[in-house]
Amino acid sequence: MKFDSPATTNPIDRLKVVGKPIDRIDGKLKTTGTAPYAYERNDVAPNAAYGYILGASIAKGRITSLDVSAAKRAPGVIAVVTYQNAGKLAKAKAHTARLLAGPEVQHFDQAVAIVVAETFEQARDASRRIKVRYAATKGAYDLAVAIKTAQKPAPNPDAGADKPDTAVGDFAGAFAKASVQLDETYTTPDQCHAMMEPHATTAAWEGDKLTVWTSNQMIAWAVRDLTETLLIPKENVRVISPYIGGGFGSKLWIRADALAAILGARAAGRPVKVALARTQIFNNTTHRPATIQRIRIGCGPDGRIAAIGHESWSGDLPGGGPETAANQTRLLYAGENRMTAHRLAVLDLPEGNAMRAPGEAPGLMALEIAMDELAEKLKIDPVELRIRNDVQYDPEAGPKRPFSHRDLIGCLRTGAQRFGWDKRSATPGRVRDGRWLVGLGMAAAFRNNISMTSAARVGIDRKGVVTVATDMTDIGTGSYTVIAQTAAEMMGVDVEKVVVLLGDSSFPASSGSGGQWGGNSASSGVYAACVKLREALARKAGFDPATAVFDDGKIRSGNKSATLAELAGDAGLSAEDTIEFEGLDKAYAQSTFGAHFVEAGVDAQTGEIRVRRMGGAFAAGRILNPKSARSQVIGAMTMGVGAALMEEAVVDKRYGCFINHDMAGYEVPVHADIPHQDVVFLDEVDDKSSPLKAKGVGELGICGVGAAVANAVYNACGVRVREYPITLDKILAGWAKV
Ligand code: MOS
């Protein structure tokens, strides 16, 4: 099914199941420990041996000698694999660094050897008996230095970076002429995903057929990348990933755990499982790159923006890409004269890549402090300043490209009203509660809506049970549930009558989970398959498919009806289709909007910061399940607090690695750190986004949070911190100055 014209009324609009806050259908499995994760697949690989990865102890250079003899003799060892005996491997196009080093080393902790043994402890012990000698070369590890030679990156449409730069009108001239100017630089640090489940894989070979049980967001990409890495045909690779304990972008592509398990299993002649230890994840896998961002905004005393410019510098390994932190500035606010630019420096740190709303999350951390600073200069309320600069079309393309639906103003007003924004004092440091200085801050939220081709198969059996099969993943987001709701609504059955099978490359290829496109795209693929199944059932009943009504497990036409179970018969019926989105995302800007509000306390003596209360209002098309959407958004808001106050992968600029590499040194907030979170979704449908009239919502929740926290901290204590994370030492240094 092509989705190339706006949706009209369809069975989803009945909203008997879709739009209801039903519990997760996989909730019981998750909460009883019976949903099997990749490392626990004893059911399919009961005799799996354990693999352990030895990582490189230099960041850049070459392996000059490798001695694995002692490791091979160690107790329990079955095999040791290095580049010398791994067979021919290639780098997948989607990977920046190779998953197995040798002889060249591209980053610290890049896999150098895989040891396979009877037990995990034996494998780990033997890995330490491997003697590796390196010739280290000098690398670049300091972004602030490397940006001096930063280049304009190549366009990469696949990563939302189709244009590194944009320019409209005369930015420099209009900025110079503006009576009110803001010109500030903000920095965000390297960050790590820190998802609960580490990267883990169980791999098994049967002849030349490979099966990989892994933790992965994008099954079809995993098959593609394994095919490219191992130089084997696609038909020989099966990837299975039905349950995932968080991805946050780190599992968009297969990582070293998968390759290590695969090579280990081939060498050992039996299944092998590999999980990365938490301490390996920080340097072995990917991270969100640090940014340096300069924002310039010029306006008149009325606050209407005349010129807006956003430049962002980040670094990556050679061949990598930028953090696209200026992207939202192309679409969020009005202004005739505009420019955005991304510049990319070469850094020899581990591979930088997507994490938790790449681009917009760190971009808004800068832009939305800038808007707060501008509001203060103008003596205009920050909510009002954003309302004055609303624009109903893509401000770079002009009115010929309207937004499919944009209610940022609704989010700002609703959020402000629910939060009690009118009680805020515009002057910092005016509110005290015991030892706490208390402040309120806000920021706009913005995340683009991306739609991806997605296929599904839907069948019905003689008991009237509807089974959906698609390689879509559920990374904790609720995919199982919204897919079940979609199929139940379309087929006119209770949600209990729907079985959802996900995360297997033998199923039709879905959108996968990333960039907040998964829920809307994958459900739309299920919708398309259901339309086909409805037609098949109607034809079998002798009814007109266009007017037949599906309800209560039956199909009705006029006063005639038949049960779906009877029509399915012993053989059952099934249909497969693909949703393909064409044209509407070009003709319309499709984005999601929101507003974040934060109450922060700053200890008047120590500078310690606490988030006391958060509120958010969001406009993201039809909300398929308000309960799972709320869960995603409060989780995202919590992550945003981490970005604002805690999360920093600290670069060792001498040795080119992240120093803090566990959950003690890399702190993340938990829900208990934020006593109260209020979330409201505006009631909207977007007929240009999909047949379900829904959009992405998960990543919207993190976008803007960091700045809302920063602005609340400023309002509480009068210290404007422009270098994230906002830690108490920066507050104390700020106080010393004021
Ligand atoms: Mo998301 S960072 O695209 O998994």
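In which helix does Tyr-527 lie? It lies in helix H13, residues 518-541; helices (H or I, at least four residues) and strands (E, at least two) are DSSP runs, numbered from the N terminus. Before going on, the conventions. This is a predicted model, where local features need pLDDT of at least 70 and side-chain atom pairs count only at pLDDT 80 or more, while totals for chains, interfaces and linings use all residues. Residues are numbered from 1 along each chain as its sequence is written, and side-chain values use heavy atoms, with hydrogens and water left out.

Back to Tyr-527. Its relative accessible area is 9%, so Tyr-527 is buried (under 20% is buried, over 50% exposed, in between partly exposed, with a 1.4 Å probe and protein chains only). Leaving aside residues up to four places away in sequence, Tyr-527 touches Met-1, Asn-10, Ile-12, Thr-486, Met-490, Pro-691 and Leu-692, where contact means heavy atoms within 4.5 Å.

Next, aromatics. The structure holds 14 aromatic pairs. Rings of Phe, Tyr and Trp (its six-membered ring) pair if their centres lie within 6.5 Å; planes under 30 degrees apart are stacked, over 60 edge-to-face, and the rest tilted. One of the pairs is Trp-421 with Phe-597: the centres are 5.5 Å apart and the planes at 70 degrees, so this pair is edge-to-face. Trp-421 is in the loop between helix H11 (408-419) and strand E17 (432-433), and Phe-597 is in strand E26 (residues 591-603), so the pair ties together parts 176 residues apart in sequence. Trp-421 is buried at 6%, and Phe-597 is buried at 0%.

Phe-446 and Phe-593 make another edge-to-face pair, 5.5 Å centre to centre with 70 degrees between the planes. Phe-446 sits in strand E18 (residues 436-448) and Phe-593 in strand E26, so parts 147 residues apart in sequence are tied together. Both phenylalanines, Phe-446 and Phe-593, are buried. Elsewhere, ring pairs link Tyr-37, Tyr-243 and Tyr-480 into a cluster.

Last, two helices. The axes of H16 (residues 626-645) and H17 (residues 705-717) come within 7 Å and cross at roughly 55 degrees. Axes are lines fitted to C-alpha atoms, for helices over the stretch in contact, with angles from 0 to 180 degrees between N-to-C directions. H16 and H17 are therefore oblique to each other; under 35 degrees is roughly parallel, over 145 roughly antiparallel, 65 to 115 roughly perpendicular, and the rest oblique. The contact involves Met-637, Gly-640, Val-641, Ala-644 and Leu-645 of H16, with Val-705, Gly-706 and Val-709 of H17.
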